[in-house]
Every structure is written in C-alpha cells, then in structure tokens.
Amino acid sequence: MRQLYHLPISPACRKVRLVLAEKNLAFELVEERDWERREEFLALNPAGEVPVLIEESGEVVSGATAIAEYLEETQDFARLLPQDPLERAEVRRLIDWFDRKFAAEVSDGLIFEKVTRRFLGASEGGGAPDMGVVRAALHNLRYHLDYICYLMEERRWLAGEEMTLADLTAAAHLSCLDYVGDVPWGQYTGAKDWYVRIKSRPGFRQILADHVPGMPPPKLYANLDF
C-alpha cells in the first residue's frame, strides 16, 4: 500500500489526503515530525518537509503541489483540474492564493503558534504562543473569509461550477484552523455554506477523525451541520 508521511494539522498534508480520498486511493498514514530532522526521512526528502508520498512501487514524490499534480496526471478517477486552459489557470490562481498568501498571512502563523510550539523544546522555539502573531493572523483571516463569500456570490465552488483542487486546498487550510477553533463561521454565511458542502464529502471523514494528543478539537469540529 502507498504511504503518506504527514502531520495531522498541516494544510499541505491535508490537501494530499483529500486528493487521495477523492480519487478513492488506499493509503497508509505515517506521522512524521519533520522538525526532528530524522536521517531516514531526509533520505526520502532532502528538504525535510512533509508531505511525502511513497508509491507501492517504492517511488517517492515530495511536496503537496507535486504530489497533487502527480496524482491528477496518473489517476483518471475524479478529475480535479479542468480541461479548459483558462479554467485551469483560475484553479491554479486560487491554489496559489491559499498555499502562498493565505498561508503567509494566516495559517502558517496560527498553526506554528498554537500547535507546533507545543512539541518543541525551549531551544527550538517552543513555549507559549506569541499572541501578537495570533491576533494578526486572526485579523487577516476575516479578509480571506470575505473573499470566499465574494466568490460564492457568483459560483457554486471556488473556481466555478465544479469542485476542483482549489476547493481541496482551501478546505485543507481552513480545516486546520477549525481544529484550533479560530474560524468565525457564523459571521460569514457564504464561506460557511461552501465549507459545509466540502466538509460533508466522504473524503473528509478521516480528517475529521484527527486528534492531536493533549489538544482536542472544538465540539463542532466534526459536526457536519454546525
């Protein structure tokens, strides 16, 4: 069986998990705390970052974007990129929006401060979260939720009428923030309605079952009608 080296509260890893699930591909999860810099893991990916996919043949593919596009190119089931070049460009624009802009302004800071720091020693930057970083990220989050609501005024899904890799990318980021209880869904109806639809898909079930030791999710995290 193929293996995916991952971290539970990682948007990059969750994106790949959602792609694998949408394409109905069996896989085994292997949790890898990449900050530990294990030699065996560095041999798989010299960048020392998750996700890393190991195929049944032993071939290794590293990085969320590379893995997602590799699966799209090799697996015909559940196409996640449109055939039309302009539509495909819009999907990729939104993927870049969430993996670069949203990550830099929101998810990277919140996840590091609220989750990763818990597992680091003092010399590695562990300790209490920097609340200045947390407040700035939460402020920026509202701008991005407004943008999702704007997109939902004219579209059924983020990039158009069909669900695409853009939706899985955005949902991967927001599901991590939802785990730490930081998404004010009630104030952003359009974004909430979109998230309810994607959260209700079968491929989301494994993600909703994630549990970080010593850090349980909010009660509504796994509720499909929240």
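**Helix α3 and its surroundings**

The buried residues of helix α3 (residues 64-74) are Ala64, Ile67, Ala68, Leu71 and Glu72. Seen down the axis of α3, these buried residues fall within an arc of 135°, so they line one face of the helix. The arc is taken from the directions from the helix axis to the C-beta atoms. An α-helix has 3.6 residues a turn, so residues three or four places apart point the same way.

This is a predicted model: local features need pLDDT of at least 70, side-chain atom pairs count only at pLDDT 80 or more, and totals for chains, interfaces and linings use all residues. Numbering starts from 1 along each chain as its sequence is written, and side-chain values use heavy atoms, with hydrogens and water left out. Buried means under 20% relative accessible area, with a 1.4 Å probe and protein chains only. Helices (H or I, at least four residues) and strands (E, at least two) are DSSP runs, numbered from the N terminus.

What do the buried residues of α3 pack against? They pack against α1, β3 (52-54), β4 (60-62) and α6 (165-179), where contact means heavy atoms within 4.5 Å.

Next, lysine 23. It sits in the loop between α1 (11-22) and β2 (27-31). Is lysine 23 buried or exposed? At 2% relative accessibility, lysine 23 counts as buried. Leaving aside residues up to four places away in sequence, lysine 23 touches Leu71, Glu72, Gln75, Phe77, Ala78, Arg79 and Leu80.

Last, the pair. Helix α4 (residues 85-114) and helix α5 (residues 131-152) pack at an angle of about 150°, with their axes 9 Å apart. They are therefore roughly antiparallel (angles over 145 degrees).

Conventions
Buried < 20%, exposed > 50% of the residue type's maximum accessible area, 1.4 Å probe, protein only. Axes fitted to C-alpha atoms, helices over the stretch in contact; angles between N-to-C directions. Parallel < 35°, antiparallel > 145°, perpendicular 65-115°, else oblique.
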